[in-house]
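Subject: Structure handover

Hi,

Here is the structure I promised to pass on. My notes on it follow below.

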Amino acid sequence: MIWMRDNFYILFTLVLTIFSCSGCGVAMMSDERLARQSNVQFSEMKRKDPVSKNIDYQKMIDRIGKRITDVAMVDVPGTDWEFVVFDKTEPNAFAMPGGKVGVNVGLIELANGDEDEIAAVIGHEVAHVAKRHSNKRMSQGVGVALGGIILDTAMRKKSSKDRALARGAYGVGATLGAVLPFSRTQEREADDLGLIYSAKAGYDPRASIRFWQKMKSRSRNKMPQFLSTHPDSGKRIEYLRSRMPYVMGLYNKAKKT
Ligand SMILES: [Zn+2]
C-alpha cells in the first residue's frame, strides 16, 4: 500500500508542477526552482536520515568535492555545492540539482577509502548536475510515474522481491528530484564528463574501472540502489577503458601542475 501512496504522491507532485508552471508551456521546471526544491528536500534528508558522525569521512568527501567542483566550476558557475556523508550501509551516492551531493558510508567502505575511486563516483555525480540531467528527467517525469503504475500492475503476479527490484530499477517511489533514474545516454555522459573532471582534479582515472568492477560483482546477488538510479550504460567498464588514453593525458598534466 505504501506503494500506491508513493505513486500517488509522485503523480500529484508532477501534476502540480505542470500546472504551476504557467506560461512555460512544457513540463519543465526552471533550474532555480528545481534547485530550491532540491535544497528543501536535501535539508529534510539531513534531518530524517542518519548523517555520519565520522569526521574523517566527511573531511575526505569535502576535500574530494572541492577539488572536483573547482574543475567543474566553468560548467556550473555559482553552484552552492554541499557534500554530506550518510550513515547507511548501501553503497550509494546521489546528486541533486543545485549541487547537493550525498555519499553513503557503504560506498566509502566499498572503495576501501581509496580517494581515487571515491573521486570517480563524485566526478560522475557532479557531471549529472553539470549536465542538468535531473531537470531533463523531470520533464519526462509524468511518463515515468505513469509507467511505474503500469509496471506495478504488470508485476502484480510476481514475487514481492521481484516487484521491489523492478520498482527500484524504475525509480518510482523514489524521492522526487533526487533519484529519478537517469537514462543510459545520461549515464554515458556522466561517465565521460566525470572522468574528465576527476582526472583534471588530479585523481587517477583508472580507479573508476576498479570501482565499477567492485560494484558489478556486488550486484550479482542483488541490485544496489546506486545501480537502480544509475543504470549500467551497457558496456560501462569497456567504455571507461576506451577513454583511458585521453583522460590519463589530462591526469598526468594535472599532476605536473
Ligand atoms: Zn549516474
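Among contacts in the chain between residues at least 6 apart in sequence, 75% join residues at least 24 apart. Keep in mind that this is a predicted model. The chain has 257 residues, and 37% of them are buried. Its secondary structure comes to 12 helices and 3 strands.

The sheet

The 3 strands form an open sheet. Their order is S1-S3-S2, with mixed pairing. S1 (82–86) and S2 (93–96) are the edge strands. Each has a single partner strand, so one side of each is left without a neighbour in the sheet. From one strand to the next, the twist averages 15 degrees.

Take the S1 side. S1 pairs with S3 (residues 100–104) in the parallel sense, over 5 bridges. Phe83 sits opposite Val101 in S3. Phe86 sits opposite Asn104 in S3.

Now the S2 side. S2 and S3 run antiparallel and are joined by 4 bridges. Phe94 has Gly102 of S3 as its bridge partner. Ala93 stands opposite Val103 in S3. The hairpin of S2 and S3 has 3 residues between the strands. In that hairpin, Gly98 takes a positive phi near 95 degrees.

Burial in the strands

How many residues of S3 are buried? The count is 5 of the 5, so S3 is largely enclosed by the rest of the structure. Lys100, Gly102 and Asn104 point one way from S3. Val101 and Val103 point the other way. Note that Lys100 and Asn104 are among the buried residues here.

S2 is covered on both faces. Ala93 and Ala95 are buried on one side, Phe94 and Met96 on the other.

Helices on the sheet

H5 (residues 115–130) lies across S2 and S3. H5 runs at about 25 degrees to S2.

The other helix is on the S1 side. To place it, go back to the parallel pair: S1 and S3 share 5 bridges. H3 (residues 55–72) packs on the sheet and touches S1 and S3. The direction of H3 makes about 150 degrees with that of S1.

The H9 and H12 pair

H9 (residues 184–200) packs with H12 (residues 236–256). The angle is about 25 degrees, and the axes are 8 Å apart. An angle under 35 degrees counts as roughly parallel, so H9 is roughly parallel to H12. The crossing of H9 past H12 is right-handed.

Which residues meet in this contact? From H9 they are Arg188, Asp191, Asp192, Leu195, Ile196, Ala199 and Lys200. From H12 they are Arg236, Tyr239, Leu240, Arg243, Val247, Leu250, Tyr251 and Ala254. By class, the contact of H9 with H12 has 9 nonpolar and 6 charged residues, with no polar ones.

Asn112 has a positive phi of about 50 degrees, although it is not a glycine. Asn112 is in the loop between H4 (105–110) and H5. Is Asn112 buried or exposed? Asn112 has 10 C-beta neighbours inside 10 Å, so it counts as exposed.

Arg132 is the other residue. The phi of Arg132 is near 55 degrees, a positive value in a residue other than glycine. Arg132 lies in the loop between H5 and H6 (133–138). With 16 other C-beta atoms within 10 Å, Arg132 is partly exposed.

Back to you.

Best regards

How values were computed:
Residues are numbered from 1 along each chain as its sequence is written. This is a predicted model: local features need pLDDT of at least 70, side-chain atom pairs count only at pLDDT 80 or more; totals for chains, interfaces and linings use all residues. Two strands pair if DSSP finds at least two bridges between them. Helices (H or I, at least four residues) and strands (E, at least two) are DSSP runs, numbered from the N terminus. Axes are lines fitted to C-alpha atoms, for helices over the stretch in contact, and angles run from 0 to 180 degrees between N-to-C directions. Two residues are in contact if their C-beta atoms, placed from the backbone, lie within 7 Å. Angles under 35 degrees count as roughly parallel, over 145 as roughly antiparallel, 65 to 115 as roughly perpendicular and the rest as oblique. A crossing is left-handed if the near helix is turned anticlockwise from the far one by less than a right angle, and right-handed if clockwise. Ala, Val, Leu, Ile, Met, Phe, Trp, Tyr, Cys and Pro count as nonpolar, Asp, Glu, Lys and Arg as charged, and the others, Gly among them, as polar. A residue is buried if 20 or more other C-beta atoms lie within 10 Å of its own, exposed if 12 or fewer, and partly exposed in between; C-beta atoms are placed from the backbone.
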